[in-house]
Every structure is written in C-alpha cells, then in structure tokens.
Amino acid sequence: MSDNTTAASPGVTGAVIAPDQGPEPRVMVRAGGAWALLVSELTVLFRRRRTWALLLALAAVPVLIAVAVRLSSQDPTPGRGPPFLDQVTQNGLFVAVTGLIVSIPLFLPLTVGVVAGDTIAGEAALGTLRYLLVAPAGRVWLLVVKFIGAAVFCLAATVTVVTAGVLAGLALFPIGPLTLLSGDTISLAESFLRALLIAGYVTVSLLGLSAIGLFFSTLTVVPVGAMAATIVLSVVAQVLDSLPQLEWLHPWLFSHYWLDFADLLRQPVDFSSFGANALLQGGYLLVFGALAYGRFLTKDILS
Amino acid sequence: MSRTWVKWMPAVAVPAVIAVGVLAVPLQAGAATDLPEKTPREVLELVAGSDVDTFSGTLEQSSDLGLPEIPSTGDAQAGEFADALELLTGDHTVRVYRNGADQSRVQVQDTMSERNLIQNGSDLWLYDSADNTATHLTLPDAAGAPTSPEKAYTPGELADTFLAEVTPTTIVSLGENTEVAGRGAYELVLTPNTTDTLVDSVTIAVDAESGLPLGVQVTAQDAAEPAISVAFTSLSLDAPSADLFAFTPPASATVTEETLPDTTGHADKTRPDVESSGVTVVGTGWDAVVLMPADASGAGLAELTASPLYSQLTEAVDGGRAVSTALMSVLVTDDGRVLAGSVPVERLQAVAAE
C-alpha cells in the first residue's frame, strides 16, 4: 500500500535482504532459488496431513457410491439419482463419472477453496511469509509458485476422484467396453483415455476458482477467511447459474461449464465446451491473477 | 505513489482488454460481408440449385415462444407430449451429419444425455441415452419411392414458381448480408402481406457459396428477438466419417423393433383420408386457420385434455380453452373442435363462431 514498503520489497527491486537464518527448515530449502521454491512448495503441500485428509475425503465419494449401489438390492432406475448411476452396475467405469458429478458442485470447490485460500494468508498467519520473500525470486514468483501449487492440487484432487472411482468400479462391478451418450461403444483403452480427458477438463474447470482463492488469500492474514470466501463464492456462482432470470450472466460464471464435461462422452468427442471452458477459466485466471499481483506487490508484509 | 499505481495497472488493463475483445468479436461477426449483389430471385435460384448432401455441423436452436417453461424432469404421465413440447420450447444444441441421401445422423445434446437419430440405408435407429432405450425401424426401399416432380425443374424455374406462389401474400426481399458459422450468407426476408398474423417476418440465411440454408429465424409481431432461431454455429462440407452411421445399440439398452405401416403405393390416398375426416383450412396464406371438427379429433384429444399439462398450458377464454404463444394460437372449443393458426386467439374465436 504505502511507498516505503513497496520500495523495500525484494521481489520488485531485486535487492536481497540479509537472509534470516531462522529455525524454519522450510525457509532454508527455499533459499536455494526460483525452482527450489517451487519444489519446496509442492513438497510442503503434499507433506501436509491436511492435503491428504482432503484427498482421502474426495476418494471416499466414489467409493461410497460404488458400495451403496453394490449393496442395494435393486438396480438403480434410469433417470433417478445422479446421471449415469443406473449405468454403474453394467460398467464400473461409470463410478468415476458419477463420483465426479457428485463432487463437482461442492466437494471439489470445497477442497480447492481450502488449498487456494490458504496459499498466501496461511504463510502470513504462520509468520513465514516474510521469510519466503527473502529468497531472491521475489513476490511475483512467489505468487506464481503458490498458484502452481493450487493448480497441482486441483489436478491431484480430480485424479484422486477418477482413480478411486475406477478402482472401486473395478473391485465391485464388471468393467468392459464403455457406452457413450451417443449410444456408441468404445474399447476399454479408449475409455481410459476419455477418463483422462475428463480429469483434465475438471482440473481446468477449477483453475478460475484457484485464482480467485489466491486473490482472496492476498487480502487477509486470516486463512480461514480467504477459504470461506472462496467456497461461498463458488456456491453463489452455482446458485446464480441456476436462475433463469440471470441468463445473460450465465456464460460469465466460472461454474457455468463445470458439468459440461459430459460432452467428452459423446461420439465424436465434442471439444467445443472444453474450449469455451478453458477460455473462461483463462479469463478468470488473468483477471484475478492481475488483482492478486496488484494487491500482493503493494502489500505491507508484516508477518 | 506512482509505483503503487503501476502495480495495479494489470488489474485494470486485463479486464479492459477482455471487455474490448468481447465487444469486438460480435461486432466483427455482425459486420456486413462483401458478397456479389443478387436479387431475391437469384438467391432463391441459388437455394434451388444447391446440391450439398454431405456435411457435418452444429446447430443452435433457441425458442422463445412465450410458453410456460416445461419442467425437464416431468412425471411419466406427461410422456411424449411433454417431450415434443420440450423440443419446441427449449434451447438445444444439435449436431448433424449427412453423407448422401441415405446416411444421416442427428444428435440432440442434452446435459448429461443425448438423443440420437441415425439413418443408414434402410435402417433407422433412435437412441435415447437418458433411459438407455433404442428403437429400430426399417424404412421402405428408397428405390421404389417415386421421384419428386420438382426434379424436372431447373433451379431458375423453381425459384420462379416459388415466387409466383408466395407473392400475393408475402413480400420477398433481401436483408443485409450476414455471416453464419463463419460463412458469408445472403439473408432472404419473407414478410407477410397481412397484419392478421402473429408472424412479423421469416429470415433465411443462405450460404453464398453453396446455396445451403444456414439458418432460419422467425420473428413475431412486436418482438425484438426472434421467437424461433435455428442456425449453424459450425459447418463443414466434407463427408463425415463412415463409422458414425454404423450404429449398433449398446448391449445394455432396451431395444424395441417397430415396423412402419406399409405406405408404398398408398401415398396418394393419405390426403383424401385427411380431407374426409373433415379437417378444413379457412383462409389462405399467413392468416389461415386449421379447423378440426369434434369427431375427427376423437380419442387423441381426450388423451391430451386428460394430461395434467393441458390445464397448466391452456387458459380459459370465451368458448373454450386456448394456448397462445408468440407464433401460434390453438383454441379447443367447448364442443370439442380444435382450431389452430399463426393468428391471434380473437381470429380463432371469430372463425369458430362462423
């Protein structure tokens, strides 16, 4: 905000303040350089128990679906419950698809909100933010690293749901050639390819939310606040998306294309929603990335 | 101070650039395209002379008929009636593939499901992924069907015939050239020559290169936006992949075999059947009204009025119940006659009273 802190910011001026040889082992690793910062960010992220707890909770969703369908005495009827649920008994691969559909409105945004909201505010709350800025890489790179960390978590979260779904399906149901929405049947190898495509689609879908979380995280030193704000916003966006009166707004909501990954289950593959979604998420990434840049580079780092 | 300002620059610049981009793209698409000048007759000739029969493309359909929204997860009772209404009233993305006269595939994309219609030679498949059902029909041999008499005309003659037929009731003109699915197109505008109809104008976009109609818009009286709009959003004139048309229903699907009533040779008789049932058309052109007497509608009508949707959709008017949409009105009189037309309800009531 004020001039003097900006000038003192090492990220901008490139000046290196004498490294504080604090007791934090994490900071020691990070002093190594730009790439070391990224490596350490990812290591820290995936060493945290919280990250594993989030991933485990996500993995439980498709497993629960599979077990519930397996244990129930009658097959699910078409048109009731989440889409594709009736297909699960015929082909276990649909456990992964149903798992994703169930996770997308709440569980995935929830976990991504927790990780993205924690990025900067979490470090500030722990008092480690200024140590991170000691590294010569600077504030911009720290923002980029934090965003990459959140994006990698999006990928990990999506892949977790898909993998857990496929494994649960494999264990409890027959697995064979996959029937697409168009009624065509594709081989097992191609269906794994489609599953990967879907995982990619959902990962891209969550990038906009990650950028929003990153921006909120630069606004506060209370990580819970940034997490809650991100999650609330994702719910609000979905509520707005369901109101027909706001139809003009719908294509602008970051959650608008979230469930359109079903277009990847058509024959031939319809990439138009993939493109539209990527463009939209890219827009959110740029806008909130720029906001986070403005905020973080002008911010007084006190902790 | 200036440094702070510089750092907030991207946060201002990025949305600005996006806004400019968003505003510029439709402007560019809407800009009049440079096409050789043509008269409406020449454009009609272009359409009549079009010989495109291989293409693949995506159609966007949107309707704003002023009908109440049909709940998509309707109860089973609503059944096929609701299905048909949904196709009319909702917005849809449809992919169309065509390879010659005997191979085509239409895919209606719904969220999380899809409806397919596949024609491959004499095989016709309908597949609905929402309830995983497939229906198979065998079409009568196409070779036996009589070739349409239009084949004998040249495109120019066809254009003349069409013009001569529509001119008394319709003004045919050309709108500004547009761009549909990235292709330059002429815009034929048909305007009714009467004010006693709900239709304000019908606009047909015609591909300047191939003469293929690329889009149709029907605008109602006093409406700014078209009530029905169907247009390609992407189009390729290359032949689609052959395996698209080789459809085998999935093993898990419920397959029903249906046979078409044998109509070969009876084609001419269907018309008298309709006429003997007493269906009459009052008036000609845009303000024509179709009148179905009570005994002709019979069981079909009883089934329809029993549907819970019927009372939701219709409103009580003098002499019966009516549905009025932006483009069409239907009046079911108390004595069981059905009147329909692209006219205001008042005109239907007037015809019913005659």
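Biologist: At what angle do H9(A) and H12(A) pack, and how far apart are their axes?

Modeller: Two packed helices are described by the angle between their axes and the distance between the axes. In this predicted model, H9(A) and H12(A) pack at about 140 degrees, and their axes are 10 Å apart. Angles over 145 degrees would count as roughly antiparallel, and H9(A) and H12(A) are therefore oblique to each other. The crossing of H9(A) past H12(A) is right-handed.

Biologist: Which residues make the contact between H9(A) and H12(A)?

Modeller: From H9(A) come A:Arg139, A:Val140, A:Leu142, A:Leu143 and A:Phe147. H12(A) supplies A:Leu285, A:Ala292, A:Tyr293, A:Phe296 and A:Leu297. By class, the contact of H9(A) with H12(A) has nine nonpolar residues, no polar ones and one charged.

Biologist: How do the axes of H6(A) and H9(A) cross?

Modeller: The description again takes an angle and a distance between the axes. Helix H6 (residues 94-103) and helix H9 (residues 138-172) of chain A have axes that come within 7 Å and cross at roughly 140 degrees. That angle makes H6(A) oblique to H9(A). Their crossing is right-handed.

Biologist: Which residues do H6(A) and H9(A) bring to their contact, and how do these residues divide by class?

Modeller: On the H6(A) side are A:Val95, A:Ala96, A:Gly99, A:Leu100 and A:Ser103. On the H9(A) side are A:Thr158, A:Val161, A:Val162, A:Gly165, A:Val166, A:Ala168 and A:Gly169. The contact of H6(A) with H9(A) counts seven nonpolar, five polar and no charged residues.

Biologist: Is H6(A) mostly covered or mostly open, and how many of its residues are buried?

Modeller: A residue counts as buried when its relative accessible area is under 20%. H6(A) is mostly covered, with nine of its ten residues buried. Those buried are A:Phe94, A:Val95, A:Ala96, A:Val97, A:Thr98, A:Gly99, A:Leu100, A:Ile101 and A:Ser103.

Biologist: Which elements do the buried residues of H6(A) pack against?

Modeller: Their partners in chain A are helix H5 (49-71), helix H7 (107-126), H9, strand E1 (178-179) and H10.

Biologist: Where is A:Thr203, and is it buried or exposed?

Modeller: A:Thr203 sits in helix H10 (residues 188-219) of chain A. A:Thr203 is buried because its relative accessible area, 9%, falls under the 20% cut-off.

Biologist: What does A:Thr203 touch beyond its neighbours within four places in sequence?

Modeller: With those neighbours left aside, A:Thr203 is in contact with A:Ala151, A:Cys154, A:Leu155 and A:Thr158. The side chains of A:Thr203 and A:Thr158 are also joined by a polar contact of 3.4 Å. A:Thr158 is one of the H9(A) residues in the contact with H6(A).

Biologist: How many helices and strands does chain A have, and in what pattern?

Modeller: Chain A has twelve helices and two strands. Along the sequence, the pattern is α-α-α-α-α-α-α-α-α-β-β-α-α-α. Of the 303 residues in chain A, 53% are buried. Among contacts in chain A with a separation of 6 or more, 75% are between residues 24 or more positions apart.

Biologist: Which residues of chain A does a cis peptide bond join?

Modeller: The cis bond joins A:Gln267 and A:Pro268, with omega at about -10 degrees. A:Pro268 belongs to the loop between helix H11 (223-241) and helix H12 (272-297) of chain A.

Biologist: In chain B, what is the phi of B:Asn132, and what is that of B:Asp222?

Modeller: Phi is near 55 degrees for B:Asn132, a positive value in a residue other than glycine. B:Asp222, also not a glycine, has a positive phi of about 60 degrees.

Biologist: Where are B:Asn132 and B:Asp222 placed, and is each buried or exposed?

Modeller: B:Asn132 is in the loop between strand E5 (123-128) and strand E6 (133-138) of chain B. B:Asn132 is buried, at a relative accessible area of 5%. B:Asp222 is in the loop between strand E11 (213-220) and strand E12 (228-236) of chain B. At 81% relative accessibility, B:Asp222 is exposed.

Biologist: What can be read from B:Ala130?

Modeller: B:Ala130 is in the loop between E5 and E6 of chain B, and is partly exposed at a relative accessible area of 39%. The C-alpha atoms of B:Ala130 and B:Glu114 are separated by 6.9 Å, while the two residues are 16 residues apart along the chain.

How values were computed:
Residues are numbered from 1 along each chain as its sequence is written. Chains are lettered from A and ligands numbered from 1 in the order in which they are written. This is a predicted model: local features need pLDDT of at least 70, side-chain atom pairs count only at pLDDT 80 or more; totals for chains, interfaces and linings use all residues. Side-chain values use heavy atoms; hydrogens and water are left out. Helices (H or I, at least four residues) and strands (E, at least two) are DSSP runs, numbered from the N terminus. Buried means under 20% relative accessible area, exposed over 50%, partly exposed in between (1.4 Å probe, protein chains only). A polar contact is a pair of N or O atoms within 3.5 Å; within protein, one must be able to donate a hydrogen and the other to accept it, and residues adjacent in sequence count only if both atoms are side-chain atoms. Contact means heavy atoms within 4.5 Å. Axes are lines fitted to C-alpha atoms, for helices over the stretch in contact, and angles run from 0 to 180 degrees between N-to-C directions. Angles under 35 degrees count as roughly parallel, over 145 as roughly antiparallel, 65 to 115 as roughly perpendicular and the rest as oblique. A crossing is left-handed if the near helix is turned anticlockwise from the far one by less than a right angle, and right-handed if clockwise. Ala, Val, Leu, Ile, Met, Phe, Trp, Tyr, Cys and Pro count as nonpolar, Asp, Glu, Lys and Arg as charged, and the others, Gly among them, as polar.
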